[in-house]
Structures are given as structure tokens and as C-alpha cells.
Amino acid sequence: MHDKPSMRGLIVNIVYSLTAVIIVIVAWAALVSYFQVPRYVMPTPMDVVRHIAEDWRALLKGFWVTFLEFLLGFILGAGAGFIFAVIMDLSRSVRGILYPILILSQAIPIVAISAALTIWLGFGLAPKLVIVALVVFFPVVVNVLDGLGSVDRDVLNLVRAMGASKLTTFRHVKLPATYSPLFSALKLSATFSVTGAVIAEWTASTSGGIGAYLLQANSRLNTAGTFAAIAFLGVLGIISFLLVVATEYLLTPWKTSSKARHWSSSYWKG
């Protein structure tokens, strides 16, 4: 069984991560104290903790606003990217037309189009969702296309010879081939999407959010508030990554289980 080793590995990774965070905090406090850095330049960890305690409600409210923007935009971008990849895999002509456009779109910085999206979509939730979705969209399309294209032609010919329909072939052969590259793309996009949400809040925010909080703290030269916002964004990035990992664990149980599924010719006809 692989369940116990995987759980033990998860615990070890958590311990390593916590150790790394502690080392960074201790080094941060030591350097600020040793070089006597002014508090308005670099606050101590305790200054940040005190600020979080004093402004906890505003930070928590902003956290949930940004988390909602990230979650909805992430789902939108991942879903749209997956659908586009499947359509492009079905038609070479569609792929030949869309793929260069997708590559060209990645040459345009998100910051450059965020202002235009605000003009087109207003200052509500819509432009933020679009910006976050754009961050996720391209990696998902590319990785899912690679997964669909990696299926062995001999396997496809075999299942068709066994009477599998196109839908059944996609469901049981091509779709599973996309899981690993898909979740690799989602893991990479998870933390980048948080950055996209912050950029969106800087250009189109009327409802708060950690990005807006960070901008206000910077404008007031409130370094403790700035680092507090950064800390919350770090937590949000970790949560987003863990959500993807948990989803992968639920959808790909065979990676952590030694129980193989029994196959039969009737399965392909299902």
C-alpha cells in the first residue's frame, strides 16, 4: 500500500515548510535588530504581528474578497482552458487557427490589459475574474493538449476495435491522460492567480480585497501594514496550492492506492 508512505511524506513536507518559515522569520528579526533598520523601512516580525492583531477584521475581510475572486476566476479559467483544449484536439484546423492567437495573447502583459478590461467591464467583479482566468487559461490549454496528444495510437486503435464509441474512448482513455499535465498546470497557476487577483484589485477595486489593502498601506508608508497584507497573500497562495493538491488526490486515487481496477471488454462499451 502507498497510503501510509504518502501520508508520511505529506507530514515531512509540512515539517520542512514550517521549518523554512521559522528560519526566515528568525533571520528577518535578527537582521533588522543587528543593522538597526528603521521601522519605517523594515518592520520586525513582531511589528507585523501587532498590526495584524490591531487590524484583524479589515485584513480578514480583504482576504475573503480576494479569495472569492481567485476561486471563481480560477475555476472559470481552468474550465475554459480545458474545453478549448478538447475542441482544438478534435479539429486540426481549429487548432491551427487558435494556437497562434493563444501564443500571441501571452506576449501581452496582464497589467497592460487590466485597464482596458476595467473600461469594458466596469469596476465590479467581472474584470477581476477575467484577469485571474487569463492567468490560468493558457497553461491549462497547453498542458491538456499535450496530454491528449500523448495517448498511444495503438491503445486508441485497440479500444475502437473492442467496440468503444468516441465518447467512451475519450472518457476512459484520453481523459485520464490529461490528469497529470492538467494538475501540473493548475499547481503552477494557483499562486500566479493570486498575483492576478491583486493586479485586478489595483486597477478595478471598489469592494476592497488584500490587493487594495496593500495599495493603501503602501501609499501611507505603513510598512507593517504592507507586510501584513503580504503575509495574508502568502497564506492565500498556500491555500490555493493545497486546494489543487487535494482535488488531484480525490480525482486520481490510483496514484496513492495499490488497488488496480479490473478491466473487461464490456467496460469499453459502457
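Lys-174 is buried, at a relative accessible area of 14%; buried means under 20%, exposed over 50% and partly exposed in between (1.4 Å probe, protein chains only). This is a predicted model: local features need pLDDT of at least 70, side-chain atom pairs count only at pLDDT 80 or more, and totals for chains, interfaces and linings use all residues. Residues are numbered from 1 along each chain as its sequence is written, and side-chain values use heavy atoms, without hydrogens and water.

Lys-174 pairs with Asp-89 in a salt bridge (a side-chain nitrogen of Lys or Arg within 4 Å of a carboxyl oxygen of Asp or Glu). Asp-89 sits in helix α3 and Lys-174 in helix α8 (residues 166-204), 85 residues apart. Helices are DSSP runs (H or I, at least four residues), numbered from the N terminus. Asp-89 is partly exposed, at 23%.

The whole structure holds 5 salt bridges.

| Pair | Closest N to O distance |
|---|---|
| Arg-39 and Asp-47 | 3.0 Å |
| Glu-69 and Lys-128 | 3.2 Å |

Glu-69 lies in helix α3 (residues 56-90) and Lys-128 in helix α6 (residues 126-149), so their pair ties together parts 59 residues apart in sequence. Glu-69 is buried at 1% relative accessibility. Lys-128 is buried at 1% too.

Arg-39 is partly exposed at 47%, whereas Asp-47 is buried at 16%. Salt bridges with shared partners join Arg-39, Asp-47 and Arg-50 into one network.

Leu-242 belongs to helix α10 (residues 223-251).

Conventions:
Helix = DSSP H or I, 4+ residues; strand = E, 2+ residues; numbered from the N terminus.
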